[in-house]
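Here is my notebook from a first look around this structure.

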Amino acid sequence: MSVELLKEKWSNTINSLTIGATKEQGGSRTSIITAGGESTLPYLFSEGEMPHRPVIAMEIFDVEPTDWPPVLKEPFKDVLNNPVEWAKKCVNKYQAQSLCLKLQGAHPDFGNLSADQAAATVKSVLGAVGVPLIILGCGNDEKDAAILPKCCEVAKGENCLFGDATEKNYKTLTAACLADGHNIIAESPIDINIAKQVNILISDMGFDLNKIAINPTIGALGYGMEYAYSIMERARLAALSGDKMLAMPFICFVGQEAWRAKEAKGPQAEHPQWGPEAERGPVWEATTAVSMLVAGADILVMRHPQAVAIVRGTIEKLMEK
Amino acid sequence: MDKATYTITFFHPQATQIEVNKGRDLLSAAVAAGVHINSSCGGDGVCGRCKVIIKKGDVQSEPSGRISMLERQKGYVLACQSTVHSDVDVEVPAASRLELDKISEQDLKLLRLKGIYSEASDIDKGKRIIAKDIFAHGPLATKLYLELPAPSLTDTVSDLERLYRAIRKIKDIPIIQTGLTNIKRLGRLFRESNWKVTVLLGKRNGTVEIVSVEPGDTSQRNFGIGLDIGTTTVSGQLVNLNTKEVLATKATYNKQATFGSDVISRIVYAAEGEGLEKLHHAVIDNINAIIEALVQELKINLNDVNAVMCAGNTTMAHLLLRVDPTFIRKEPYVSTANFVPVIRAAEAGIKINPRGLLSCVPGVSTYVGGDITAGVLACGLNRTDKMTMLIDVGTNGEIVLGNQDWLVSCAASAGPAFEGSGVKCGMRATAGAIQRVAISPGGETKVVTIGQAKPKGICGSGYIDCLAELFQKGIIDRNGKFSREKLDARIRMGEEGQEFVLVFKQDADCDYDIVITEADIENLKRSKGAIYAASSILLKKLNLGFSDIEQFYIAGGFGTYLDIDKAVTIGLLPDLQRKKFSFVGNSSLIGSREILLSSEAKKEAEAIAKKMTYLELSVEHAYMDEYVSALFFPHTDLSKFPSVKTK
């Protein structure tokens with residue numbers, strides 16, 4: 001006699017978020033991506049659907065990154081100081097479906113580039129590749145308030161995903177994204193309540209809930225990943241149970257976190273028992289990414305091409321029904 | 001040549017002088033001189049409330065971020081951070097004066113601050129929480145007039161036995177105690193008074209004591225005092241113990257405020273040098289001043305005040321009795337005594353009949369004291385079949401949930417923001433405090449102050465109104481941050497970020513604009529979040545929700561002026577039918593009076609204290625989660641506040 005498995009029935013569905021706009025849609029992208037839309041916990045296909053497979057966006061910088069370890073710089077060493085070439089390499093050589101452009105150079109400590117310079121970079125990257133774009137500020141609230149509205153403006157019609165909006169700085173970015181029709185990333189510090197609060201604050205300004213992605217903030221493998229995992233799981237459970245203010249796709253900045261870990265970047269010369277960092281680093285990033293997928297991540301922002309390839313393969317397998 | 005001592009003259013506005021040694025700080029010099037200066041932090045230099053102006057002379061001051069550039073040019077310094085190096089003249093500006101004495105009677109009549117300062121008439125004619133006859137009359141101290149049969153050769157029982165025999169004819173008291181002091185006096189007293197005496201009986205810890213014996217019939221003169229010792233306010237009520245009549249009520253600020261505004265900073269202060277002594281004397285001074293004012297007003301002899309019943313939080317009770325409170329704040333948070341035996345009031349320094357008694361309402365735990373036991377008794381929580389919640393909104397917010405079958409309590413450290421402390425223009429609820437605020441959609445702002453006086457600052461109920469108005473008019477967002485980028489005359493950039501001007505200085509009784517800052521809003525948000533989260537956790541622990549509560553009592557400093565709708569709008573109170581809420585004002589004082597008047601009530605208070613379960617929130621993992629979700633206007637879970645709409 002076969003045992004019938006108990007199945008959960010959820011009352012709500014995660015919003016579907018589309019990034020990019022084709023010519024017909026008023027943009028110039030050759031492809032677009034859609035994330036979210038789940039009506040089940042991750043990969044439990046017997047309980048509901050996952051209409052869109054998780055997306056990997058490769059991260060590029062507008063200026064040469066200063067804190068990337070040699071292993072991570074290696075695949076991009078010829079393009080690190082040229083965001084346009086870097087973008088092309090990601091798309092052409094590594095088949096990136098999407099790119100995440102971080103405007104690090106605007107930060108007062110990393111070049112203090114002007115709003116016009118940042119906007120020009122956005123424009124040229126958009127011109128160089130056809131994939132949809134995620135665009136991040138430099139992390140300095142004051143500077144981001146100055147550069148991001150300008151970047152939103154030059155990217156008008158392209159339906160980008162802009163970030164990050166926090167409970168402190170959300171107003172300027174929300175207003176800009178609203179004006180130019182972009183999506184927004186709502187960031188919170190590994191806290192389900194604050195995640196919800198930022199979403200409410202943004203929607204209080206008249207912003208469409210379907211155009212918000214949650215950045216729950218994560219930790220890398222070995223650096224509090226479990227904590228992030230349980231916050232994502234709780235948020236997803238609440239969303240599927242009917243909480244519309246948490247029913248947004250997750251975007252996880254895996255590369256940024258994983259490559260901060262000493263276990264990912266520490267050279268073998270210093271840690272002989274850890275093995276070669278050329279293998280260890282990408283695997284650290286990939287492991288973190290896969291864990292986030294299982295927690296419910298919809299968009300992964302990653303760095304190393306090898307890690308991207310591993311995770312792409314894992315997604316294929318996870319999505320097999 | 002350097003003199004060893006200098007003269008400080010404080011102008012507040014009258015001049016008070018004191019001689020001090022070189023290097024003495026101005027705050028402690030002011031305390032020694034009897035000049036009361038505000039101080040929330042107890043002299044750590046962080047609260048910025050003890051600003052004074054140096055008019056003449058040389059002081060050395062530690063630099064402080066609490067003094068603005070403009071103030072510094074005018075000679076402002078923090079009293080606690082300034083030491084004396086010559087004779088000095090110090091002006092104590094109005095904002096820094098701690099007006100301890102001036103709220104007494106006139107304000108009470110004017111302001112009718114039910115809650116903190118209930119007048120006798122309010123309590124008698126107002127809504128009584130206790131129906132008259134719940135507790136049989138049986139006060140802590142009773143008087144009996146006795147005409148003793150004179151001894152004869154056939155009746156040779158001793159004087160003391162004779163007295164016992166006469167008492168037992170009237171009352172069934174198997175065990176009577178008498179002190180040697182009384183026995184020594186009996187022989188002569190009986191004979192000189194022609195065997196007609198009045199005996200004062202006191203209930204002491206399960207037995208009855210002959211407290212004193214007086215010649216003649218003084219049985220009509222038997223008075224008692226009910227006290228509520230709050231962290232911020234001390235209130236006292238004079239009661240005729242024979243007739244239960246409330247004769248008068250008076251209140252004053254707790255003088256301990258000079259040494260720190262919350263219980264924790266006072267416990268810390270108590271451990272330093274003569275700190276405990278100073279704190280003890282401060283509150284005893286308060287109590288004696290209240291009692292003296294009461295007896296003077298009613299032309300009663302102090303010797304006819306025979307009993308004092310006191311309700312206060314655990315720390316206040318320790319300090320009253322000069323018991324070291326140190327262990328209250330150390331894990332595992334155990335107090336020295338929650339059930340304090342009846343002692344002589346004089347032992348604590350309270351001036352009434354020198355042999356008169358002092359009793360304390362029993363407490364539940366370290367952070368839930370006799371004031372809550374008294375409050376529960378006053379509200380009849382332990383006698384109702386309805387699910388009831390009592391919230392005492394204070395610096396240490398206490399919450400009790402239950403009914404006749406069970407009681408559970410918890411304490412939430414809400415901070416002093418709603419009592420007007422730790423907020424820029426905050427003040428306690430006295431004349432001149434803004435207590436109602438209305439903001440029109442165009443930004444026009446109207447305020448109403450207590451006593452219709454010129455505004456001086458904002459009190460708790462004013463802050464609740466203000467937050468609700470700013471939020472509903474869209475001036476602040478749900479997170480409490482100003483949502484307009486565009487500034488104008490009222491919404492402007494201040495020293496600590498954006499602020500909203502309620503009253504410009506030309507219309508105020510102070511030399512600065514009365515504002516609410518983004519930092520104030522943050523503080524208030526934390527206070528309301530703590531209270532809501534604690535209530536919510538308490539309910540969750542019992543598998544209940546707010547909707548299960550049938551009646552809701554709110555006690556504390558808001559009094560009649562708490563606008564329930566606005567308190568719900570900001571998420572301080574849950575969104576329930578408004579008719580479920582009632583204000584009980586100073587429930588602690590009412591309970592304390594009932595216990596003074598009835599030994600039955602006292603037994604019941606003891607039963608309440610024993611029966612009440614205490615839930616320690618600091619070990620509740622879910623508390624932090626609840627707290628963060630309550631740090632939003634009205635709450636992160638908007639579905640909990642369906643009636644709250646913006647704009």
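**Entry 1: salt bridges in chain A.** Before starting, I settled what to count: a salt bridge is a side-chain nitrogen of Lys or Arg within 4 Å of a carboxyl oxygen of Asp or Glu. I also noted that this is a predicted model. With that rule I looked up A:Arg29 and A:Glu158, and their side chains do meet in a salt bridge, at 3.1 Å from N to O. Then I asked myself which parts this pair ties together.

**Entry 2: salt bridges in chain B.** Next I looked at B:Lys55, which forms a salt bridge with B:Glu91; their closest N and O atoms are 3.3 Å apart. B:Lys55 belongs to strand S3 (residues 51–56) of chain B and B:Glu91 to strand S7 (residues 88–91), so this pair ties together parts 36 residues apart in sequence. Are these two buried or exposed? I found that B:Lys55 counts as exposed, at 52% relative accessibility, and that B:Glu91 is partly exposed, with a relative accessible area of 27%.

I then turned to B:Glu297 and B:Lys250, whose side chains meet in a salt bridge at 2.8 Å, N to O. This pair links distant parts of the chain, 47 residues apart: B:Glu297 is in helix H8 (residues 275–297) of chain B and B:Lys250 is in strand S14 of chain B. B:Glu297 is partly exposed, with a relative accessible area of 36%, whereas B:Lys250 counts as buried at 7%. I also came across a network: salt bridges with shared partners join B:Lys143, B:Glu214, B:Arg221 and B:Asp304. Searching the whole structure, I got 42 salt bridges over all chains.

Entry 3: Strand S14 made me curious about what lies beside it. S14 (residues 246–253) of chain B pairs with S13(B) in the antiparallel sense over 7 bridges, and in S14(B) I found B:Thr252 as the bridge partner of B:Val234. The two strands form a hairpin with 5 residues between them, and B:Lys244 in the turn has a positive phi of about 70°. S13(B) also pairs with strand S12 (residues 223–229) of chain B, again antiparallel and over 7 bridges. There B:Gly224 stands opposite B:Val239, and this hairpin has 3 residues between its strands. How many residues of strand S13 (residues 233–240) of chain B are buried? I counted 8 of its 8.

**Entry 4: where the chains meet.** Last, I looked between the chains. I found 13 residues of chain A in contact with 15 residues of chain B. The area buried between them is about 1200 Å², with carbon and sulfur atoms giving 48%. In chain A, A:Lys171, A:Asn193 and A:Gln197 lose the most area to chain B, together 42% of what that side buries. I counted 3 salt bridges between the two chains. I looked up A:Arg234, which forms a salt bridge with B:Asp625, their closest N and O atoms being 2.6 Å apart.

Notes:
Residues numbered from 1 in each chain as written. Chains lettered and ligands numbered in written order. Predicted model: local features only at pLDDT ≥ 70, side-chain atom pairs only at ≥ 80, totals over all residues. Heavy atoms only, no water. Contact = heavy atoms within 4.5 Å. Buried area = accessible area lost by both parts, 1.4 Å probe. Buried < 20%, exposed > 50% of the residue type's maximum accessible area, 1.4 Å probe, protein only. Helix = DSSP H or I, 4+ residues; strand = E, 2+ residues; numbered from the N terminus. Pairing = 2+ DSSP bridges.
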